[in-house]
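Here is a short report on one protein chain. Keep the structure open as you read, and find each residue as it comes up.

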Amino acid sequence: MGSLPPLPPGSLPDSPPRVASIPPNGPPDGPREPMKVGQSGPRRPWYLVGALLFSWVFGAAAFIDGCNNALLLHQGHLDLADKFGNVADETMRAAEIAATEQYFDVWFAAHARLFPLNVAGFLLGAALVWAAARAMAGRASARLPVMQIALAQAALAILTFILTPDLRAAQIAFALSQARDSGGDPDATAWVVRHFPQIARVGMIAILAIRSMFAMAVVVCLTRVRSREFFEATERRLSSER
């Protein structure tokens with residue numbers, strides 16, 4: 001058998017071809033580092049965080065206050081024997097007990113009005129705690145309930161204010177009796193007795209107005225464009241993960 005003809009010079013490569021190295025974590029198109037949470041969509045606006053946080057706090061406070069008041073109204077009495085044990089003067093102690101009993105007599109007499117109002121208060125408070133917690137987790141379906149419950153709480157506060165003028169008068173009378181029995185400066189006591197009722201009435205109206213403005217602020221914060229974008233983006237991400 002004849003020998004093969006020699007190859008022309010330069011026809012062989014100087015070195016064998018290199019094989020592309022594959023990274024240990026897989027090929028370039030393989031698994032990648034997961035996207036961080038902040039890259040999945042818009043962040044929570046600061047006003048949305050504040051509105052939801054304050055909604056949760058107001059809901060928890062309404063739940064506790066309404067539950068305690070409803071239980072006390074259900075009992076129908078309050079034992080004051082041990083409430084003023086730290087008052088050394090017997091005359092002052094008797095006066096404070098009498099003033100407190102007079103206030104709670106008015107309070108218990110309004111049972112038919114106060115009990116359903118307080119039951120509604122702790123139910124709305126519990127609902128707001130639940131809805132605000134879900135909204136803080138990014139659930140778009142909780143945005144509308146938070147606004148509705150906040151407005152319902154404001155309406156309940158206005159209704160309570162309208163239905164309980166006797167309780168406000170009893171609160172003012174209780175504060176005046178404490179001022180008279182405090183044994184302080186006579187001139188200061190006379191000034192408090194003369195001006196406190198008007199100051200208290202204005203303060204109660206101001207508190208009601210602030211409460212209503214808070215509900216409106218919650219609605220404004222949850223309906224802004226950035227808030228809606230956050231809920232929509234979070235809902236899309238949660239849907240894609242299911």
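## Overall fold

The chain has 7 helices and 0 strands. This is a predicted model. Read from the N terminus, the order of elements is α-α-α-α-α-α-α. The chain holds 242 residues, and 29% of them count as buried.

## A salt bridge between helices

Side chains of opposite charge can pair when their charged atoms come close. How many salt bridges does the structure hold? The count is 1. Its partners are Asp166 and Arg113, and their closest N and O atoms are 2.7 Å apart. The pair links distant parts of the chain. Asp166 belongs to helix H5, while Arg113 belongs to helix H3, and 53 residues separate them.

Are these two residues buried, exposed or in between? Asp166 has 28% relative accessibility, so Asp166 counts as partly exposed. Arg113 has a relative accessible area of 30%, so Arg113 is partly exposed as well. Buried would need a value under 20%, and exposed a value over 50%.

## Aromatic rings

A pair of aromatic rings is described by the distance of the centres and the angle of the planes. This structure has 9 aromatic pairs. Take Tyr103 and Phe174: their ring centres lie 6.0 Å apart and their planes meet at 40°, so the pair is tilted.

Tyr103 sits in helix H2 (residues 90-109) and Phe174 in helix H5 (residues 165-180), so the pair ties together parts 71 residues apart in sequence. The two differ in cover. Tyr103 is buried, at 15% relative accessible area. Phe174 counts as partly exposed, at 22%. Both belong to one aromatic cluster, together with Phe104, Trp107 and Phe108.

## Charges over rings

Look at Phe161: the charged end of Arg168 sits over its ring, 3.8 Å from the centre. Now look at Tyr47: the charged end of Arg224 sits over this ring, 4.5 Å from the centre.

## A nonpolar surface patch

Which residues make the nonpolar surface patch of about 340 Å²? They are Leu53, Trp56, Val57 and Met136. Helix H1 (residues 46-75) gives the largest share, with 3 residues. Met136 lies in helix H3 (residues 111-136). With 31% relative accessibility, Met136 counts as partly exposed. That value passes the patch rule, because the rule asks for over 30%.

## Cysteines

A disulfide is a covalent bond between the sulfur atoms of two cysteines. How many does a search of the whole structure find? The search finds 0 disulfides. Cys67 counts as partly exposed, at 25% relative accessibility. Cys221 is buried, with a relative accessible area of 15%.

## A buried loop residue

Finish with Ala142. This residue lies in the loop between H3 and helix H4 (143-163). Is Ala142 buried or exposed? Its relative accessible area is 1%, so Ala142 is buried. Now compare Ala142 with Ala132: they are 10 residues apart along the chain, and their C-alpha atoms are separated by 7.2 Å.

Technical notes. Residues numbered from 1 in each chain as written. Predicted model: local features only at pLDDT ≥ 70, side-chain atom pairs only at ≥ 80, totals over all residues. Heavy atoms only, no water. Patch = residues over 30% accessible without salt bridge, like charges linked within 9 Å, V, L, I, M, F, W, Y side chains within 5 Å. Areas by Shrake-Rupley, 256 points an atom, 1.4 Å probe, with all protein chains shown as cover. Salt bridge = Lys/Arg side-chain N within 4 Å of Asp/Glu carboxyl O. Helix = DSSP H or I, 4+ residues; strand = E, 2+ residues; numbered from the N terminus. Buried < 20%, exposed > 50% of the residue type's maximum accessible area, 1.4 Å probe, protein only. Phe/Tyr/Trp six-rings, centres within 6.5 Å; stacked < 30°, edge-to-face > 60°. Lys NZ or Arg CZ within 6 Å of the ring centre and 35° of its normal. Disulfide = S-S within 2.5 Å.
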